[in-house]
Amino acid sequence: MELLKLFIRAAFVDNMVFTFFFGMCSYLAVSKTVKTAFGLGLAVIFVLVVTVPVNYLLEMYVLKDGALAWMGPEYADIDLSFLSFIMFIAVIASIVQLVEMVVEKFSPSLYGALGIFLPLIAVNCAILGGSLFMQQKNFPTIGHATVYGLGSGFGWFIAIVLLAAIRERLKYANIPAPLRGVGMAFLITGLMGLAFLGFLGFNI
Amino acid sequence: MSEKKEALFSKKNKKLLSDPLNLNNPVTIQVLGICSALAVTVQMDNAIVMSVAVLFVMVMGNLIVSLLRNLIPSKIKIIVQLVIVAALVIIVDQVLKAYVYDVSKSLSVFVGLIITNCIIMGRLEAYALGNKPWGSILDGVGNGLGYGLILVVVAFFKELFGSGKLLGFEIFGNSIEQTGLYSIGYEDNGLMLLPPSSLILVAIYIWIQKKRTPSLIDENAN
């Protein structure tokens, strides 16, 4: 039950795109058609579910203040937390590379769908953001961290598919010329963000 | 800049500096680095600190990558760039924590997210990897300023209309004691403090910018 709450919080209330603007660059660039948006969304969920737990283990057993205590008492007062940025991004970059190779080997059809988006994801702020928020939130178990990764990935997925669906329809709309393209996408995202603010009222 | 260095600012170099401010603005035209641009703009001081941090990482990153451009193997260039940027961001983060702890607290994870700020990666890829150090520095300064410009403009409106203050000074009077504009019934717009308003402000900025320079309009986009 607690995990379900965490999932809903991560997906809707603390939506990556509308509350924190994570991953906006690829969000705006890849949201022109629903099909590509769907592929990128799936890839983001996938990578978040893998990287957040791995970074959680790294944080708990290597980086946190006193986390090295398992190696022996003389390591107990080492604080490596200043290294967390570089470690997280290195983990993310290598996992993305690894995931890309594994998917290519074992599921060519999934690779065909995700292929071009996987390398893009290494520099998607939503992924690093997920890990950094995980670090801030101090989850008790690795299960919480995984569910958090799944939830925030799902929230990102919904956001990009919704925007892509709206932008496909916009072809038939008569928009003022200076606002066409990026301007309109910003405006729509803003309005969708206002709608998503409604989830703040839920008490979960 | 002193007069001795004047020769360094040829026409091409000046363009490197001025283009990102308007015609090729990283946020509104290239659509890069929006993640952090929107999230830190509730208060002016956060926006200014963030722009300075990005400017620093950008200039140093451009310089280092440009110096190393013939040594980096192209297969692992993304990882090399990420490591350089991450090291610079760690420096920025530690400096912020040491000297402006409050701002560092309110920027929270967004300092770390400078690493994945697409402006920095984008400029490293597009410019620093193929150009000489001096040009890369100018490119870094230009794009850093272009990014900062949007941040400060958005933060200006958000803070002014959202809480009636600028940099913490009460412009419209005190809302609790009902002085200044508040005494005649003016009220702060709470919407301005919420995340979606920065998106709408940037949209309006793009609208005005493209209206003034019609060459930027993309007729076929939707």
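What share of the contacts in chain B between residues at least 6 apart in sequence join residues at least 24 apart? It's 75%, with contact meaning heavy atoms within 4.5 Å.

A quick note before the views: this is a predicted model, so to speak plainly, local features need pLDDT of at least 70, side-chain atom pairs count only at pLDDT 80 or more, and totals for chains, interfaces and linings use all residues. Residues are numbered from 1 along each chain as its sequence is written, chains are lettered from A and ligands numbered from 1 in the order written, and side-chain values use heavy atoms, leaving out hydrogens and water.

**View 1. Helix H10 of chain A meets helix H8 of chain B.** The crossing is left-handed, i.e. the near helix is turned anticlockwise from the far one by less than a right angle.

**View 2. The residues where H10(A) and H8(B) touch.** On the H10(A) side you'll find Val182(A), Gly183(A), Phe186(A), Leu187(A), Thr189(A), Gly190(A), Gly193(A) and Leu194(A). They meet Pro196(B), Leu199(B), Ile200(B), Val202(B), Ala203(B) and Ile206(B) of H8(B). Sorted by class, that's ten nonpolar, four polar and no charged residues (Ala, Val, Leu, Ile, Met, Phe, Trp, Tyr, Cys and Pro are nonpolar, Asp, Glu, Lys and Arg charged, and the others, Gly among them, polar).

**View 3. Chain A, with ten helices and zero strands.** Helices (H or I, at least four residues) and strands (E, at least two) are DSSP runs numbered from the N terminus. The C-alpha trace of chain A spans about 70 × 45 × 35 Å along its principal axes. Of its 204 residues, 53% are buried, meaning under 20% relative accessible area with a 1.4 Å probe, protein chains only. Chain A exposes about 9,000 Å², with 70% supplied by carbon and sulfur atoms (Shrake-Rupley method, 1.4 Å probe).

**View 4. Chain B, with eight helices and two strands.** Reading from the N terminus, the elements go α-α-α-α-α-α-α-β-β-α. Buried residues account for 47% of the 222 in chain B. Its accessible surface is about 10,700 Å², and carbon and sulfur atoms own 64% of that.

Key. Axes fitted to C-alpha atoms, helices over the stretch in contact; angles between N-to-C directions. Buried < 20%, exposed > 50% of the residue type's maximum accessible area, 1.4 Å probe, protein only.
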